[in-house]
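Dear colleague,

I am passing on the model we talked about, with the sequence and the coordinates together. Please open it beside this message, as my notes on it follow.

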Amino acid sequence: MNSVFFLLLRRLRMPLVFVIISHAVAVLGLTLIPSADLQGRPAPPLDFFHAFYFITYTATTIGYTEPVTGFSDAQRLWITGCIYLLVISWSFVIVTLLACFQDKGLQNALVVGRFQRRLQRLNESFYLVCGYGETGSLVCRTLDHLNQRFVIVEKDELRVLELELEEYRTDMLALNADVRQPEKLLQAGLRHRRCRGVLALTNDETTNLAVVMAVRLLNPEVPVLARARSEAITANMSSFGADHIINPFERFAEYLSLAAAAPARYRLVELLTGLPDAPLPEAQRPPKGHWIVCGYGIFGQAVVRNLEASGVSVTIVDPGLETGNVEAGLDTVRGRSTDALTLEAAGIRTAQGLVAGSNDDVSNLATAVTARELNPAIFVVTRQNQTANTALFDAFVGDFCMVPSRIVAQECLFMLTTPLLARFLHQLRECDETWSSQLVARLQAACADRVPEVWSIRLDAQLAGAVHQLLILGQELTLDVLLRNNSDPTRQLPLIPLLLERSGKVVLLPAGGHDLEVGDQLLLAGPHNARRHLELTLHNRNVLDYVRSGHDSGGGWLWRHWFSQRR
């Protein structure tokens, strides 16, 4: 508010000076010009008080009345000129004031002031999202679906204005600022007591690096997740202690090779890391054999490296290939991948798979269409750089589509909301295909063709008050009892316990008869409505007693005591 007041004073300085001088001249004239009595004889001029009083109610347009004794003709002539002068001076003030509210600097000061007041009153934990592009919007929508507060910092003013049109359930806070400036991050709540983490999700990896540096130097206790593309930026982020770095190109290349080598395990990862309640994606199984990778940039290099590691032979197609840029022993064809002759030279007729991985969506679609014409049975992987082109890629109906913003959003969400899932995915590497396919079948049956919601709970007083109270009293509680449906205790909720952690030890897919203890952490997967049922059981002692016994024992202490005596 101080900055707004200062800006107003600076803009209104000349108009206010003009008003003051105009009033002073008008009052001074009335104190010098002789007056007249009722008979028209000369009389002394008005004193300063009466002159100031008369000019005040005249200049403010409250009214006009001459004194009882009247004015002389000289005074009336002076007042006539003063009226025009004062109207002009006040009009100058009003016009300048209206122009002030159109000033970008003042508008920004008002918006920032309102943002800071709302942020100071925020008493819920929130995540600071830097960048509201395609990735940031996906993350924010999912956080809103999970009733998790967030604060957005976006450089593009138009995107910030468009946020008012978004249908968010939570009260959304957004600041139009450049996140490369540390003071803007502080202004956005980096040191706020409720800040749970920072997400650097801009499309510029150097900007994301600047965010990581600022977070580590200004508030090292807050976890930071960042998006990167190149190895050099990733190394710099690691040196500054970024908690998690997401490279969508490397991650997709890992997924592609995993889908070819272990399709059931990949399907399981796809279900657990997908956006909750989204339509279930179709299962894909990339074939082994010969592949053609079109585009040898950062993404193409990651794909080639992972496919080679999984035992797949690769031919690289790129118009800018040079001998020094390609590892020895790799088969290469120099040319445009949209040209049928180039694809023929790369062996498109006998290839099992093709990756259209350039940084241009039109070229990728043209390559995919040409490849399908030459080899209708080929497995096509496309790279979609812009979410706005989703309709085009959906119309093509490729086998596999890589969307960097979606990969980053998915990994950010499960790292923030369910860090226990990272431990499960690490343990998953040791599981075979049969185990993975059985778990996939259970998840698909539980969620009815939707991506399951995955979350973790800790059996403590804050997150599971009723269960914590029961266990503290020394009563037993097993996992299958906890997961009973509180609408009908004879049925189980469609929830799958993926992992149980106790004192650092991990149990995958714990059995229903597993005894629970205070401090246990559970990783669960299932539909959202089942989660709501479970949360009621975790926090309400009456509901917990009902699912344990199958009988409603009432709500009051006296009623529960009487009911226990009757049993």
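A residue is called buried here when its relative accessible area is under 20%, exposed when that area is over 50%, and partly exposed in between, with a 1.4 Å probe and protein chains only. Please bear in mind that this is a predicted model, in which local features need pLDDT of at least 70, side-chain atom pairs count only at pLDDT 80 or more, and totals for chains, interfaces and linings use all residues. Residues are numbered from 1 along each chain as its sequence is written, and side-chain values use heavy atoms, with hydrogens and water left out.

Asp-73 counts as exposed, because its relative accessibility is 62%. This residue is found in helix H4 (residues 73-100), where helices (H or I, at least four residues) and strands (E, at least two) are DSSP runs numbered from the N terminus. Between the C-alpha atoms of Asp-73 and Phe-48, which are 25 residues apart along the chain, the separation is 19 Å.

Next, the cysteines. If a disulfide is taken as a pair of cysteine sulfur atoms within 2.5 Å, the count comes to 0. Cys-447 is in no disulfide either, the nearest cysteine sulfur, in Cys-431, being 19 Å away. Cys-195 is buried, with a relative accessible area of 11%, and Cys-447 is buried as well, at 8%.

Now to the strands, which pair if DSSP finds at least two bridges between them. Strand E6 (residues 195-200) runs parallel to E7 and is joined to it by 3 bridges, with Leu-199 standing opposite Leu-225 in E7. The chain goes from E6 to E7 through helix H9 (residues 205-218), in a β-α-β crossover that is right-handed, meaning that, with the strands pointing away from the viewer, the path from the first strand over the helix to the second runs clockwise. E7 also pairs in the parallel sense with strand E8 (residues 244-246), over 3 bridges, and Ile-246 in E8 is the bridge partner of Arg-227.

On a 1 Å grid over the protein atoms alone, a cavity is a set of points where a 1.4 Å probe fits but cannot get out, a pocket is an open set with protein on both sides within 12 Å along at least five of seven lines, and lining residues have an atom within 4 Å of a point. The search of the whole structure finds 1 cavity of 30 Å³ or more, and among the residues that line the largest cavity are Thr-202, Asp-204 and Arg-229.

The largest pocket holds about 1200 Å³ of space. Its lining has 39 residues, of which Arg-196, Thr-417, Trp-455, Ser-456 and Arg-531 lie nearest the centre. The second largest pocket holds about 960 Å³, and of the 31 residues lining it, Glu-270, Pro-281, Glu-282, Cys-401 and Arg-406 are the closest to its centre.

With best wishes

Technical notes: Points joined across faces, edges and corners; volume = space filled by probe spheres on them.
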